[in-house]
Amino acid sequence: MSDTNFTPQPGAEQPAAYPAQQPAPGLQGYAAAPQQGYAAPQPGYAQPGYAAAPQKTSVMAILALIFGILVAPVGIVLGHIALKQLKTSGEGGEGLAKAGLIIGYIFFALWILINIVGVITALAGASSSYGY
């Protein structure tokens with residue numbers, strides 16, 4: 001869409017072209033790194049195949065973790081049973097069983113501590129005198 005009859009308005013000038021930039025003194029461009037191809041595969045190595053099927057996770061280990069959070073003594077018992085079964089069954093879930101045991105022991109210890117503090121508080125309140 002060029003118009004042959006177009007005349008620029010007075011005062012509208014075209015910007016001057018920028019002069020070519022000179023590189024900063026003392027700096028030189030980096031040379032391109034040489035390209036290297038891939039090495040040929042070594043003989044005797046097998047091609048990658050399919051991954052092994054994932055292990056089945058022990059239901060007892062899952063239950064140990066769940067009950068370790070909800071009902072700590074049950075989680076402790078199920079965790080010990082799960083670890084014993086995992087030694088012979090070849091199933092996965094050792095981490096779940098151990099987590100159930102650890103969480104179960106922590107929650108059970110906290111439950112005992114809270115009950116001890118409650119009993120001490122109740123005994124201290126019952127033995128205090130009310131100014132009689």
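Reader: At what angle do H2 and helix H3 (residues 94–127) pack, and what separates their axes?

Author: The angle is about 155 degrees, and the axes are 8 Å apart. Axes are lines fitted to C-alpha atoms, for helices over the stretch in contact, and angles run from 0 to 180 degrees between N-to-C directions. This is a predicted model: local features need pLDDT of at least 70, side-chain atom pairs count only at pLDDT 80 or more, and totals for chains, interfaces and linings use all residues. Residues are numbered from 1 along each chain as its sequence is written, and side-chain values use heavy atoms, with hydrogens and water left out.

Reader: Why are H2 and H3 called roughly antiparallel?

Author: Set the angle against the cut-offs. Under 35 degrees counts as roughly parallel, over 145 as roughly antiparallel, 65 to 115 as roughly perpendicular, and the rest as oblique. H2 and H3 pack at about 155 degrees. They are therefore roughly antiparallel to each other.

Reader: What is the handedness of the crossing of H2 and H3?

Author: Left-handed. The term applies if the near helix is turned anticlockwise from the far one by less than a right angle; clockwise makes a crossing right-handed.

Reader: What makes H1 roughly antiparallel to H2?

Author: The axes of H1 and helix H2 (residues 72–89) come within 7 Å and cross at roughly 160 degrees. That angle makes H1 roughly antiparallel to H2. H1 passes H2 in a left-handed crossing.

Reader: What makes H1 roughly parallel to H3?

Author: H1 and H3 pack at about 20 degrees, with axes 7 Å apart. That angle makes H1 roughly parallel to H3. The crossing of H1 and H3 is left-handed.

Reader: What counts as a helix here?

Author: A helix is a DSSP run of H or I, at least four residues; a strand is a run of E, at least two; numbering starts at the N terminus. The chain has 3 helices and 0 strands. From the N terminus on, the order is α-α-α.

Reader: Why does Ala-64 count as buried?

Author: Buried means under 20% relative accessible area, exposed over 50%, partly exposed in between (1.4 Å probe, protein chains only). Ala-64 has 0% relative accessibility, so Ala-64 counts as buried. Ala-64 lies in helix H1 (residues 59–70).

Reader: Which residues is Ala-64 in contact with, leaving aside its neighbours within four places in sequence?

Author: Contact means heavy atoms within 4.5 Å. Ala-64 is in contact with Gly-75, Leu-78, Gly-79, Ala-97 and Gly-100. Where H1 meets H2, the H2 residues include Gly-75, Leu-78 and Gly-79. Where H1 meets H3, the H3 residues include Ala-97 and Gly-100.

Reader: Why does Ser-58 count as buried?

Author: Ser-58 is at 2% relative accessibility, so Ser-58 counts as buried. Ser-58 sits in the segment before H1. Not counting residues up to four places away in sequence, Ser-58 touches Leu-86, Glu-91 and Gly-92.

Reader: What lies 3.3 Å from a polar atom of the side chain of Ser-58?

Author: The backbone nitrogen of Met-60.

Reader: What share of the chain is buried?

Author: Buried residues make up 13% of the 132 residues. Among contacts with a separation of 6 or more, 61% join residues 24 or more positions apart.

Notes
A polar contact is a pair of N or O atoms within 3.5 Å; within protein, one must be able to donate a hydrogen and the other to accept it, and residues adjacent in sequence count only if both atoms are side-chain atoms.
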